Amino acid sequence: MSTLNPVEPLLRSDRLPHIWCPGCGIGITINCFARALIESKIDLDSVAVVSGIGCSGRVAGYVNLDSFHTTHGRAIPFATGLKLANPKLEVIVYSGDGDLSAIGGNHLIHAARRNIDLKVICVNNLTYAMTGGQSAPTTPEHAVSATSPYGTFEPPFNLPHLVEAAGAVYIARWTTFHVRQLTRAMSEIFKKKGFSFIEVLSPCPTLYQRRNKMGDGLDTMKFYKEKSRIRHGAPTSEVGLTLNGEIIVGKFVDRDRPDYASLMRAQYVEALGDRYVECRETTCN
Amino acid sequence: MKADPQAVLTGTHFLDGDKACCEGAIAAGARFAAGYPITPATEIVERFASRIPSVGGTFIQMEDELAASIVLQGAVWGGAKAFTVTSGPGFSLMMEHIGYAAMTETPCVFVDVQRGGPSTGLPTLPAQADMMQARWGSHGDYEIIALCPNSPQECFDLTIRAFNLAEEFRAPVMFMMDEVVGHMTEKVVIPAADQIEITPRRFTHRSKFEYLPYGTNGDMVPDFVPTGQGYKFHMTGLTHDERGYPNMTPQAQDQLVRRLQKKIRAAAARITFFEEEGTENAEVIVISYGITSRVAQRAVELGRARGLKIGKFRLITAWPFPDEQIRRLALHAKALVVPELNLGQMVREVERAAAGLCPVISVPHAGGGVHRTDDILSALVEVMP
Ligand SMILES: Cc1ncc(C[n+]2csc(CCOP(=O)(O)OP(=O)(O)O)c2C)c(N)n1
Ligand code: SF4
């Protein structure tokens, strides 16, 4: 008899089988996330996962935690409201690159600027997978997609650089090949207060790798292994991704900045003194 | 439950509709507001921003209305009562999340201080042209509740009612003001907190082992679940079953969407508020709402002074529409006259409910001002038998 897999209680087994394709990287990221929750010994009742829409956005549906599957692009503002109304929650935003940086791009930079205490896990498969593999703001130049049949020519976002400029306090990038490092990063962000961002490069063999003749899930793992170079503290301006070039991974930013709630409290106390009434934990019942 | 005495500004005030709406929200227990600046609605959250730090709550100005309309729903699931305020262009941006609130059964209030449209239209001038958008603006089938105040006093009273209805039905409630009602200043009496009844969130009493997030106990409205208490629930805007899990079958869709509709429709008789006067022996009846009802009032008085038998009926609840009441009026009136600050929106509902029993006359106005009393009066005179 096999012993229970330690991550199993963190998954909604009653929802399996899941919708993801063979070779998809999303499941690997969940495994790392579950292990990070276990390692960090966090009270699981206090963890809430908020997703947007997409293959990656389905994560909220499979984790055995309070979980919210919101609208396309709006996981961050939903999570912002959840966190501000209930500061005791540890709020994780788990979603795709298109969801977070295209339709939700405005919310991404503003939440980083405000330094809302959210932990964002961005599964970057370099495409809009759920809708059939169209170009995303992250699709590397010259890659082929459903909407760029002759190759993309738009320059992509360099997400770590973007969120650093906007104000994030913790920024790391790993791939689904780097399961140990990814797990460590995911447990590290529970110790950070403020806007934390982990970009996980993850294969979409069904759409992105197939169209770009990059093989299957396993080939992508080899690709990640060969192309990745760990450079902790690398200037984020230097970590942009290309179709076949080097993938710089590591922890790029780890800094401290007062988060939104602390700034709000400090400002009100200064302006109002005794008249300031601290927001109650749960404001209605 | 009663309102919090520390939050309620009991007394007699001189307030405009926007500020009265804010006080109503605070009295109703709203402790979270989000907004994006827009005329003529921003004053509501400006007041909230100045009041709430000494009440205990949060105001956040978001980067756009897409964000404002969803951050508040996050706050609701975090345990707060929450609302957002906007006007036409912002209301258009909020549509997806009105549907999300309907689908996920998130109690919340959307205030729309209507101005002239389409597009940027008339930022500082009134209209009542978002009435159909309030009903049908988000995609898919859903039922909505919408209230229309016609004075600052009602902006206070009905905002409380809007929050209470949102909690009772676990549904988004549209609060359909207009620029004139928002900016007109009148006496507003705010009662003592113990005179203000507020509907608390109906949290489940079941344990996490026997609780279903979208299971109903016969009354069609599921009990709410607190976040962070170990229930480990899931909620989604996808079609879902009682467990809150996605279910892509026509059966699940049918069951869910019909329940979302039925939970409100079945209560329509109880939640369609209206004001009616002199309709019994009237030959013609004016049907109006919001600021237009104030103009219509004058037309009714002038017409009666000329000996005309005029009745008046004011919609306080626009949605669900008071079908029964309108049908009753249509049975004995010779005509129904419907002035509104748009080119004919609610008049279609009146026609539908009247079902050919009597003529229904529209008195449209494109917005940017209110009707002249004469416009309404002459419509009344014209249809007189
Ligand atoms: C408002 C809106 N626009 C478009 C869509 C369709 N849509 C669903 S998922 C998706 C893309 C998701 O891409 P990404 O976030 O990168 O996630 P992935 O599927 O690649 O994991 C889109 C465009 C939608 N659901 N809502
Ligand atoms: S389409 Fe791509 S991202 Fe979506 S489940 Fe399949 S492999 Fe994963």
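Student: Where in chain B does Pro320(B) lie?
Tutor: Pro320(B) sits in the loop between strand S14 (317-319) and helix H11 (323-332) of chain B. Helices (H or I, at least four residues) and strands (E, at least two) are DSSP runs, numbered from the N terminus. This is a predicted model, in which local features need pLDDT of at least 70, side-chain atom pairs count only at pLDDT 80 or more, and totals for chains, interfaces and linings use all residues. Residues are numbered from 1 along each chain as its sequence is written, chains are lettered from A and ligands numbered from 1 in the order in which they are written, and side-chain values use heavy atoms, with hydrogens and water left out.

Student: What kind of peptide bond joins Trp319(B) and Pro320(B)?
Tutor: That bond is cis, with omega at about -5°. The peptide bond from Gly117(B) to Pro118(B) is also cis, with omega near 0°. Pro118(B) belongs to the loop between strand S5 (108-116) and strand S6 (122-126).

Student: Turning to phi, what is the value for Arg170(B)?
Tutor: Arg170(B) has a positive phi of about 50°, although this residue is not a glycine. Its place is the loop between helix H6 (152-169) and strand S8 (172-178) of chain B.

Student: Is Arg170(B) buried or exposed?
Tutor: Arg170(B) counts as buried because its relative accessibility is 3%. Buried means under 20% relative accessible area, exposed over 50%, and partly exposed in between (1.4 Å probe, protein chains only).

Student: And Lys41(A), buried or exposed?
Tutor: Lys41(A) is exposed, since its relative accessible area is 74%. Lys41(A) has a positive phi of about 55° and is not a glycine. The residue lies in the loop between helix H1 (26-40) and strand S1 (47-51) of chain A.

Student: Staying in chain A, where is Thr152(A) found?
Tutor: Thr152(A) is in the loop between strand S4 (119-124) and helix H6 (159-166). With a relative accessible area of 6%, Thr152(A) is buried.

Student: What does the side chain of Thr152(A) reach?
Tutor: The side chain of Thr152(A) reaches the backbone oxygen of Ala143(A) at 2.7 Å. Leaving out residues up to four places away in sequence, Thr152(A) touches Ser135(A), Thr139(A), Pro140(A), Glu141(A), His142(A) and Ala143(A); contact means heavy atoms within 4.5 Å.

Student: Now the whole chains. How many helices and strands are there in chain B?
Tutor: Chain B contains 13 helices and 16 strands, while chain A has 10 helices and eight strands.

Student: What share of the residues is buried in chain B?
Tutor: In chain B, 63% of the 385 residues count as buried. For chain A, buried residues make up 59% of the 285 residues.

Student: And what radius of gyration does chain B have?
Tutor: Chain B has 21 Å, which agrees with a compact globule of 385 residues because such a globule would have a radius near 21 Å. The radius is taken over C-alpha atoms, and the globule rule is 2.2 Å times the number of residues to the power 0.38. Chain A, with 285 residues, has 19 Å, and this agrees with the globule value near 19 Å.

Student: Finally, how much of the contacts in chain B joins residues at least 24 apart?
Tutor: In chain B, 77% of the contacts between residues at least 6 apart in sequence join residues at least 24 apart.

Conventions:
Polar contact = N/O pair within 3.5 Å; in protein donor to acceptor, adjacent residues only side chain to side chain.
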